[in-house]
Amino acid sequence: MSTGDLLSIEPQELQFPFELKKQISCSLQLTNKTDNYVAFKVKTTNPKKYCVRPNTGVVLPRSACDVTVTMQAQKEAPPDMQCKDKFLLQSAVASPGATTKDITPEMFNKESGNHVEECKLRVAYVPPPQPPSPVREGSEEGSSPRASVSDNGTINTAEYTTASRAYAERAHVEPQDNSSEVKDLIFKLTEERDFVVQQNNKLQQELEFLRREGNTNRGGIRFLYVIVVGIIGILLGYLLKRT
C-alpha cells in the first residue's frame, strides 16, 4: 500500500492474469485520508493498450474510490511474460464541493506552485487461475463401500466386511453433531453386509446342488451305455450261432 499525505493507494502493482485474446481487468482503491476534496488523474505509458475508468475524478473527504484498469486483448504473449508498462497516479487538493467537471490540467501542474502527489505503479503478468481437477468416479470421500464379485461368481464378502469396518471407523471419528447420521449409516451398512452374506450362502447352495445333479446325470448315462452294449453283444452272439 502506498501512503501519501492525500491518498492511500492499494495495490502498488497491477497484476493481470494474462490470457491471449482476452480482456483482463484489475482494480485500484483510492482512499482519501484528509478532510479535503482530493482530485486524481491516472496516466499510463501505453494508453492504447489500457482503458482506465475513471481516469480522473474526485475522492470525497474520508472516503474511498475504485478505479478499474482494463488491458485490451493481446494477440501475442510478451517475452518471458515481462511487462515494462507503468502507470502514474497524480493527486491534488480540490476546492470544497468539487466534481469531475471541475478538474483541469492546471491542477496537476507543479510549476504553478500546486501541491501534487505522484505514485508510480508497476504492471505484472501472473498465470491465470487453474480450474479444479475433476474427482474420479468412485473416489469421493465418504462414499459407501460395495461388495465385489469374483470371476467364478462368488461374492467377496471378506473384502466388503473389511471395507465396511474401515468406513464405519472413519465415520465414527466425525464430529459428535453427526452421531445420529453415523449410527444410521452403520446400521445400513450392517444390513447390506447381512444381505450380501445371505446371498452368498444361497449361491453356494445352488452351486452345490447343480454340481450333484451333474454327477448323477453322468452316472446314469454310463449305466445306460453298459446295458445297450450288453444287448447288442447278446444279439450278435445269437446271430452268429444261427449262421
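Analyst: Phe16, Phe40, Tyr50 and Phe87 are the residues that touch the most other members of the largest nonpolar core, which has 27 residues. A nonpolar core is a set of buried Ala, Val, Leu, Ile, Met, Phe, Trp, Tyr and Cys residues joined through side-chain atoms within 4.5 Å. Buried means under 20% relative accessible area, exposed means over 50%, and partly exposed lies in between, with a 1.4 Å probe and protein chains only. At least two residues of this core come from each of strands S2 (7–10), S3, S4 (24–32), S5 (37–44), S6, S8 (64–71), S9 and S10 (116–126). Strands (E, at least two residues) and helices (H or I, at least four) are DSSP runs, numbered from the N terminus. Apart from this core lies another, of nine residues, among them Ala39, Val58, Ala92 and Val116.

The model is predicted: local features need pLDDT of at least 70, side-chain atom pairs count only at pLDDT 80 or more, and totals for chains, interfaces and linings use all residues. Residues are numbered from 1 along each chain as its sequence is written, and side-chain values use heavy atoms, with hydrogens and water left out.

Aromatic pairing is the next topic. Rings of Phe, Tyr and Trp (its six-membered ring) pair if their centres lie within 6.5 Å; planes under 30 degrees apart count as stacked, over 60 as edge-to-face and the rest as tilted. By this rule there are three aromatic pairs. One of them joins Phe16 and Tyr50, a tilted pair with 5.9 Å centre to centre and 40 degrees between the planes. This pair links distant parts of the chain, since Phe16 is in strand S3 (residues 13–17) and Tyr50 in strand S6 (residues 50–53), 34 residues apart. Both Phe16 and Tyr50 are buried. Tyr50 also pairs with Phe87, edge-to-face, at 5.0 Å centre to centre and 70 degrees between the planes. Here too distant parts of the chain are linked: Tyr50 lies in strand S6 and Phe87 in strand S9 (residues 86–94), 37 residues apart. Tyr50 counts as buried because its relative accessible area is 5%, and Phe87 because its value is 2%. Phe16, Tyr50 and Phe87 form one aromatic cluster.

Leaving aside residues up to four places away in sequence, Tyr50 touches Phe16, Thr44, Val69, Thr70, Met71, Cys83, Asp85, Phe87, Val123 and Tyr125. Contact here means heavy atoms within 4.5 Å.
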